[in-house]
Amino acid sequence: MIGMSDEDQLKALRKRIDSLDEKILELISERAQCAQTVAQVKQKSLPAGIEPVFYRPEREAWVLKHIMELNKGPLDNEEMARLFREIMSACLALEQPLKVAYLGPEGTFTQAAAIKHFGHSVVSVPMAAIDEIFREVAAGAVQFGVVPVENSTEGAINHTLDSFLEHDMVICGEVELRIHHHLLVGENTKTDKISRVYSHAQSLAQCRKWLDAHYPNVERVAVASNAEAAKRVKGEWNSAAIAGDMACELYGLSKIAEKIEDRPDNSTRFLIIGSQMVPPTGDDKTSVIVSMRNKPGALHHLLQPFHNNGVDLSRIETRPSRSGKWTYVFFIDFFGHQHDPLIKDALEKINDESVALKVLGSYPKAVL
Ligand SMILES: C=C(O[C@@H]1C=C(C(=O)O)C=C[C@H]1O)C(=O)O
């Protein structure tokens with residue numbers, strides 16, 4: 001391109017981009033046709049009236065990982081995987097439009113998690129409470145639900161853990177989301193006149209030190225979600241909301257302070273709940289609930305089989321069981337799939353020792 005004017009160089013490069021786009025278009029269409037044929041094959045082998053399982057989280061995890069392994073740049077792996085996430089989302093929607101319930105209203109981090117996991121081609125349905133998401137999935141009104149389960153700053157989301165005790169639900173995926181909170185106001189609020197700040201209790205807690213330092217005398221009001229907080233301040237005078245980017249955009253608010261979470265690595269883990277068990281991918285996690293008799297050494301007995309079989313635990317959470325005073329249930333997450341022989345063996349031993357053991361599911365470790 002030596003000797004070419006800038007203008008000519010741009011023209012030539014854009015011509016090349018146009019022709020690459022045409023090829024990409026053709027390839028994406030060919031991929032989509034393949035997915036349509038996959039749908040026919042999935043349907044073919046089943047008796048009439050039985051709905052096939054179109055969504056295959058284990059396959060999607062593999063596709064994303066494969067792309068990240070092959071990627072040579074200049075786009076980084078996550079960026080490339082996000083693009084492929086959307087292509088797969090659109091392909092899957094051709095096979096079957098998925099409906100996913102999340103903790104609403106629109107603009108919550110849970111909605112952001114749903115889109116991060118399934119892509120934009122799913123129909124996402126807001127629910128008012130965590131329990132409603134479980135019920136909606138159990139009733140078959142949606143195929144999947146997305147619920148928050150733990151935050152790196154504030155710990156377990158107890159509503160979610162308790163809902164697992166009440167509903168038979170299979171965990172078929174996890175999503176991790178970096179949580180950035182901003183202080184948001186509507187157009188009627190002057191930044192020096194803020195007398196009240198709304199947010200979800202978890203978000204207020206995640207920004208506690210920042211609020212103490214910058215707005216020590218401002219009233220903190222906990223509401224059902226940070227999207228709800230954003231919605232409220234839109235029409236209110238002299239109040240601010242703590243919420244994320246999606247809620248900020250959705251309600252047309254302005255940011256008066258960005259990334260105000262006390263810990264820069266603040267992140268939340270979400271679970272995908274549904275009714276289908278997921279086959280192994282080689283890089284999986286498993287979640288179980290175990291209830292133990294309250295006798296000395298109970299926890300030690302419970303953990304011993306994991307230790308003996310070299311199973312790597314990633315989380316253990318205790319909740320009071322609802323069925324008897326002073327009995328406890330443990331929520332345990334570990335690496336590996338329930339079909340792995342060593343894990344199967346550990347679970348059998350734990351089953352013998354415990355009052356009850358329930359495997360909530362094995363699922364691919366979050367790829368993105
Ligand atoms: C095409 C398939 O169906 C769905 C779409 C996928 C894709 O677009 O790559 C992957 C897994 C499934 O969720 C498949 O099962 O291979």
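Q: What makes the sheet of β8, β7, β9, β6 and β10 an open one, and in what order do the strands lie?
A: In this predicted model, the 5 strands follow the order β8-β7-β9-β6-β10, with mixed pairing. β8 (219–222) and β10 (254–257) are the edge strands, each having a single partner strand, so one side of each lacks a neighbour in the sheet. From one strand to the next the twist averages 35°.

Q: Which residues of helix α9 are buried?
A: In α9 (residues 226–235), the buried residues are Asn-226, Ala-227, Ala-229, Ala-230 and Val-233.

Q: Why are the buried residues of α9 said to line one face of the helix?
A: Viewed down the axis of α9, the buried residues fall within an arc of 155°, so they line one face. A general rule applies here: an α-helix has 3.6 residues a turn, so residues three or four places apart point the same way.

Q: What do the buried residues of α9 pack against?
A: Their partners are α4 (109–118), β6 (182–185), β7 (196–199), α7 (201–206), β9 (239–243) and α10 (245–250).

Q: Why is Ala-229 called buried?
A: The cut-off for buried is under 20% relative accessible area. Ala-229 is at 0% relative accessibility, so Ala-229 counts as buried. This residue is in helix α9. Leaving out neighbours within four places in sequence, Ala-229 is in contact with Tyr-198, Ser-199, Val-223 and Ala-241. Ser-199 is 30 residues from Ala-229 along the chain, and their C-alpha atoms are separated by 5.1 Å.

Q: What makes strand β14 mostly covered?
A: Of the 8 residues in β14 (residues 328–335), 6 are buried.

Q: How do you know that β14 pairs with β12 and with β13?
A: The criterion is again at least two bridges. β12 (residues 284–292) and β14 are joined antiparallel over 8 bridges. β13 (residues 313–320) and β14 also run antiparallel, with 7 bridges.

Q: Where is His-337, and is it buried or exposed?
A: His-337 is in the loop between β14 and α12 (341–353). Its relative accessible area is 1%, so under the 20% cut-off His-337 is buried. Not counting residues up to four places away in sequence, His-337 touches Val-278, Pro-279, Pro-280, Asp-284, Thr-286, Ile-343 and Ser-362. Pro-364 is 27 residues from His-337 in sequence and 8.8 Å away, C-alpha to C-alpha.

Q: How far is the backbone oxygen of Val-278 from a polar atom of the side chain of His-337?
A: The distance is 2.7 Å, and the limit for a polar contact is within 3.5 Å.

Q: Why is His-167 called buried?
A: With a relative accessible area of 14%, His-167 is under the 20% cut-off and therefore buried. His-167 is in the loop between α6 (158–166) and β5 (170–178).

Q: What makes the approach of His-167 to Asp-131 a polar contact?
A: The two side chains meet at 3.1 Å, and the limit is within 3.5 Å. Beyond neighbours within four places in sequence, His-167 is in contact with Asp-131, Phe-134, Arg-135 and Lys-358.

Q: Which residues surround the ligand?
A: Among them are Arg-31, Lys-42, Tyr-55, Arg-56, Met-88 and Glu-95. Oxygen atoms of the ligand lie 2.8 Å from a side-chain N or O atom of Arg-31, 3.0 Å from a backbone N or O atom of Arg-56 and 2.6 Å from a side-chain N or O atom of Glu-95.

Note on methods
Residues are numbered from 1 along each chain as its sequence is written. This is a predicted model: local features need pLDDT of at least 70, side-chain atom pairs count only at pLDDT 80 or more; totals for chains, interfaces and linings use all residues. Side-chain values use heavy atoms; hydrogens and water are left out. Helices (H or I, at least four residues) and strands (E, at least two) are DSSP runs, numbered from the N terminus. Buried means under 20% relative accessible area, exposed over 50%, partly exposed in between (1.4 Å probe, protein chains only). A polar contact is a pair of N or O atoms within 3.5 Å; within protein, one must be able to donate a hydrogen and the other to accept it, and residues adjacent in sequence count only if both atoms are side-chain atoms. Contact means heavy atoms within 4.5 Å. The arc is that of the directions from the helix axis to the C-beta atoms. Axes are lines fitted to C-alpha atoms, for helices over the stretch in contact, and angles run from 0 to 180 degrees between N-to-C directions. A residue is near a molecule or strand if one of its heavy atoms lies within 4 Å of it.
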